[in-house]
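Me: I am new to this structure and would like to go through parts of it with you. Could we look at it together?

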Amino acid sequence: MELKYALDLQPLKASAHNNLGLSYFEKLDYEKAVIAFSAAINLEPSSVHYNNRGLANLQGNFVTSALEDFDKACEAFGVGNYGGDPTIFFNRGNALLTQNRFTEALKDYDTALSLSPDNPKYIHAKGITYEALAA
């Protein structure tokens, strides 16, 4: 695999570890993806790397770890002013939804929508959450 070769050449490059993690994620090998994203975080903590590891944890059904990662992704992005990436909030909302934490999920979907008002995925997720609340 070329990405492993790239890491042999530049083992201290966070983006190389992140790209390897994305490759494992695409292969549905979430355990190896988490390891690669963790290496990227150790070299360069960033919202992107935390978000990616959160997604791998979520897909691997480690929801608590996923939520911790999404929280760190929000912190790393300076979420206090909501100048962040809406997908992080969407992803955290999805993780919260799996735990039936509907009110918190709605809050994250609202934040995602405030940053990207016309995104149909965010609108759909919010509707599904309201539907779950009504059940």
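**A conversation about the helices**

Me: Where is the place of N19?
Reply: N19 has its place in helix α2. Please keep in mind that this is a predicted model.

Me: How far apart are N19 and A66?
Reply: From C-alpha to C-alpha, N19 and A66 are 19 Å apart in space, and 47 residues apart in sequence.

Me: What about α2 itself, how many residues has it?
Reply: Helix α2 covers residues 14-26, which gives it 13 residues. From its first C-alpha to its last it reaches 18 Å, close to the 18 Å expected at 1.5 Å a residue.

Me: Which residues in α2 are buried?
Reply: The buried residues in α2 are A14, A16, H17, N18, L20, G21, S23 and Y24.

Me: And what comes just after α2?
Reply: Just after α2, L28 takes a positive phi of about 65°.

Me: Changing topic: where is L67 found, and is it buried or exposed?
Reply: L67 is found in helix α5, residues 63-76. L67 counts as buried, because its relative accessibility is 9% and the cut-off for buried is under 20%.

Me: What is L67 in contact with, leaving aside its neighbours within four places in sequence?
Reply: Leaving those neighbours aside, L67 is in contact with R92, A95, L96, Q99 and R101. The C-alpha atoms of L67 and R92 are separated by 6.3 Å, and the two residues are 25 apart along the chain.

Me: R92 is in α6, then. Which residues of α6 are buried?
Reply: In α6, the buried residues are P86, I88, F89, F90, N91, R92, G93, A95, L96 and L97. Since 10 of the 13 residues of α6 are buried, the helix is largely enclosed by the rest of the structure.

Me: What covers them?
Reply: The cover of the buried residues of α6 includes α4 (47-59), α5, α7 and α8.

Me: How does α6 reach from its first C-alpha to its last?
Reply: With its 13 residues, α6 reaches 19 Å, close to the 18 Å expected at 1.5 Å a residue. α6 is followed by N100, whose phi is positive, near 60°.

Me: How do α6 and α7 cross?
Reply: The axes of α6 and helix α7 (residues 102-115) come within 8 Å and cross at roughly 165°. That angle is why α6 is roughly antiparallel to α7. The crossing in which α6 passes α7 is left-handed.

Me: Which residues make that contact?
Reply: On the α6 side they are P86, F89, F90, R92, G93, N94, L96 and L97. α7 contributes F102, E104, A105, D108, Y109, T111, A112 and L115. By class, the contact of α6 with α7 divides into 10 nonpolar, three polar and three charged residues.

Me: And at what angle do α6 and α8 pack?
Reply: Helix α6 (residues 86-98) and helix α8 (residues 120-134) pack at an angle of about 25°, with their axes 11 Å apart. The two are therefore roughly parallel. Here too the crossing is left-handed, as α6 passes α8.

Me: What makes the contact there?
Reply: P86, T87, F90, N94 and L97 of α6 meet K121, Y122, A125, I128 and T129 of α8. The contact of α6 with α8 has six nonpolar, three polar and one charged residues.

Methods:
Residues numbered from 1 in each chain as written. Predicted model: local features only at pLDDT ≥ 70, side-chain atom pairs only at ≥ 80, totals over all residues. Heavy atoms only, no water. Axes fitted to C-alpha atoms, helices over the stretch in contact; angles between N-to-C directions. Helix = DSSP H or I, 4+ residues; strand = E, 2+ residues; numbered from the N terminus. Parallel < 35°, antiparallel > 145°, perpendicular 65-115°, else oblique. Left-handed = near helix turned anticlockwise from the far one by under 90°. Contact = heavy atoms within 4.5 Å. Nonpolar A, V, L, I, M, F, W, Y, C, P; charged D, E, K, R; others polar. Expected span 1.5 Å × (residues − 1). Buried < 20%, exposed > 50% of the residue type's maximum accessible area, 1.4 Å probe, protein only.
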